[in-house]
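Here are some notes to read with the structure open beside you. Take the points one at a time and find each residue as you go.

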Protein chains: 2
Amino acid sequence: MASFNVPDIVVGRLPVYLRVLNYLLAEGRQITSSQELGDRLGISSAQIRKDLSHFGEFGKQGTGYDVLFLRDQLKQILNVDREWKAILIGAGDLGNALAHYQRFADNGFDMLAVFDNDPDKIGKPLGRYTVKSIDDLESFITENQIEMALIAVPAAAAREVAARLIDCGVKALLSYAPITLAVPQGVRVQYIDPVTRLQHMAYYIGSGDK
Amino acid sequence: MASFNVPDIVVGRLPVYLRVLNYLLAEGRQITSSQELGDRLGISSAQIRKDLSHFGEFGKQGTGYDVLFLRDQLKQILNVDREWKAILIGAGDLGNALAHYQRFADNGFDMLAVFDNDPDKIGKPLGRYTVKSIDDLESFITENQIEMALIAVPAAAAREVAARLIDCGVKALLSYAPITLAVPQGVRVQYIDPVTRLQHMAYYIGSGDK
DNA sequence: TAGATTGTTAATCGATTAACAATC
DNA sequence: TAGATTGTTAATCGATTAACAATC
């Protein structure tokens, strides 16, 4: 797992490589090539080989890559060859969808609890959870050594929630709130905002000449 | 709106600029600067000025930018100074959350219908919609001149759904299915996969030395 | 005017691509 | 062996940053 200064954009592609390898595995494929992976992902084979070269040598000349081996190597590199403990803040419609999303558990992200500040929701069942009070956020994180959190609260509440999470030592935030968060060194944030994505595409399909 | 070959990465930042300008507007601010915008977004003021310079001159030396004016210019540039007609495919938990998401309408994305292939769901209410049969997809798109679609179906169904949408002339797809879609020239796709985002962050917070 | 901030240039930095020797 | 594909190098391409003249 030799690596020190791999470009973030390369790291961001690894999960997609991992995903396609999992599909290949499910299809019963044993061997693949940078060419095939590139074709499936719409990128060049050169980019895939270059990206992988940051971490080591995983293939065989003339043959390609062992799907299972490369898959497992990528899992190691990404640190997803183990379980991660996460929580979800926000039990609205989006929180409900995330609480039911099977792929988190399937990929080793163990969602341990769901929090909300609405008295009408606290104590009620939500999927396999019982919604907890946001008042219990700090104690729960500390006691369970939570490392990641999904933020699915309104934009107006997101900054305070993020601050509290970070105060308790949560190191990765995935925020669905449409707001940019300032976080200290050592804490990672990723954003999911479908509206900005639609706007991005609107630029191109807008007037035909772009 | 002079522009021909603006880097995609620049286009992708404009919606975020637009978002922060809307917040400034809501706060009653009339003037801002590239410095302030950069501070709010965690990027350099130089990058903001450079990005905007692809499209024209929007500020005044010594003063900065008129918030309302720049906001409206960005809306024009992104082609979001008008309504866009969209549909949603998939009425599961995620589809339910998206059907209720107010920010689409707030930002000019008019969701006209929700489709599913499950007989138990078809005809049932979902937010302000009544779930339509996927059998009616083609006729609905054609009759209503749908331009965008949100895909919230299982991965196994996503390729076929995308193909049908594209066949009917839909030009922008926002897919929540964890699979890469091959689309023809002129069609845009964006993906939202929270699992890849968590995996991306896991890389950094994994072992402390990255 | 003095102070501030833009828009732009040039330099730096970083990522992608093409090509090919190595080698399975 | 002949054919195929990797890993890597060097060249190209593209993005970001720093700096500053222009100017409000």
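The points below go from the interface to single residues and then to the strands.

1. Please keep in mind that this is a predicted model. Every value here is computed from it, so treat the notes as a guided tour of that model.

2. Let's start where the two chains meet. On chain A, 64 residues are in contact with 64 residues of chain B. Together the two chains bury about 6,000 Å², and 63% of this lies on carbon and sulfur atoms. The size of an interface is often given as the accessible area lost when the parts come together.

3. What holds a charge-to-charge link across this boundary? The rule finds four salt bridges between chain A and chain B. One to look up is the salt bridge of B:Asp193 with A:Arg103, where the closest N and O atoms are 2.9 Å apart. There are also 24 residue pairs in polar contact across the interface.

4. Which parts of chain A touch chain B? Several elements each supply at least two residues, among them α1 (8-26), α5 (93-100), β9 (148-151) and α9 (194-205) of chain A. The most comes from α9(A), with twelve residues. Sorted by type, the residues on this side of chain A are 38 nonpolar, 14 polar and twelve charged.

5. Now visit B:Arg19, which has its place in helix α1 (residues 8-26) of chain B. Is B:Arg19 buried or exposed? Its relative accessible area is 11%, and anything under 20% counts as buried, so B:Arg19 is buried. Among the residues that B:Arg19 touches are A:Pro178, A:Ile179, A:Asp193 and, from its own chain, B:Arg103.

6. With a relative accessible area of 1%, B:Trp84 is buried. Its contacts include A:Ala202, A:Ile205 and A:Gly206 from chain A, as well as B:Phe109 and B:Met148 from chain B. The side chain of B:Trp84 also reaches the backbone oxygen of B:Asn79 at 2.7 Å. Try the distance to B:Leu112 too: the two residues are 28 apart in sequence and 9.9 Å apart in space, C-alpha to C-alpha.

7. Step back to the whole of β4(B), residues 84-89. Five of its six residues are buried. Six bridges join β4(B) to β5 (residues 109-116) in a parallel pairing, with B:Ala86 opposite B:Met111. Four bridges join β4(B) to β9 (residues 148-151), also parallel, and here B:Leu88 stands opposite B:Leu150.

8. Chain B also has an open sheet of three strands, in the order β1-β3-β2, with antiparallel pairing. Why is one side of β1 (31-32) and of β2 (59-60) left without a neighbour in the sheet? Both stand at the edges and each has a single partner strand. Two bridges join β2(B) to β3 (residues 64-66), and B:Lys60 stands opposite B:Gly64.

9. Finish with a helix of chain A. In α2(A), the buried residues are A:Ser34, A:Glu36, A:Leu37, A:Gly38 and A:Leu41. They pack against α1, β1 (31-32), α3 (45-53), β3 (64-66) and α4 (67-77) of chain A. Just after this helix, A:Gly42 takes a positive phi of about 70°.

Terms used. Residues are numbered from 1 along each chain as its sequence is written. Chains are lettered from A and ligands numbered from 1 in the order in which they are written. This is a predicted model: local features need pLDDT of at least 70, side-chain atom pairs count only at pLDDT 80 or more; totals for chains, interfaces and linings use all residues. Side-chain values use heavy atoms; hydrogens and water are left out. Buried means under 20% relative accessible area, exposed over 50%, partly exposed in between (1.4 Å probe, protein chains only). Two strands pair if DSSP finds at least two bridges between them. Contact means heavy atoms within 4.5 Å. Buried area is the accessible area (1.4 Å probe) that two parts lose on being put together, summed over both. A salt bridge is a side-chain nitrogen of Lys or Arg within 4 Å of a carboxyl oxygen of Asp or Glu. A polar contact is a pair of N or O atoms within 3.5 Å; within protein, one must be able to donate a hydrogen and the other to accept it, and residues adjacent in sequence count only if both atoms are side-chain atoms. Ala, Val, Leu, Ile, Met, Phe, Trp, Tyr, Cys and Pro count as nonpolar, Asp, Glu, Lys and Arg as charged, and the others, Gly among them, as polar. Lists of a residue's contacts leave out its neighbours within four places in sequence.
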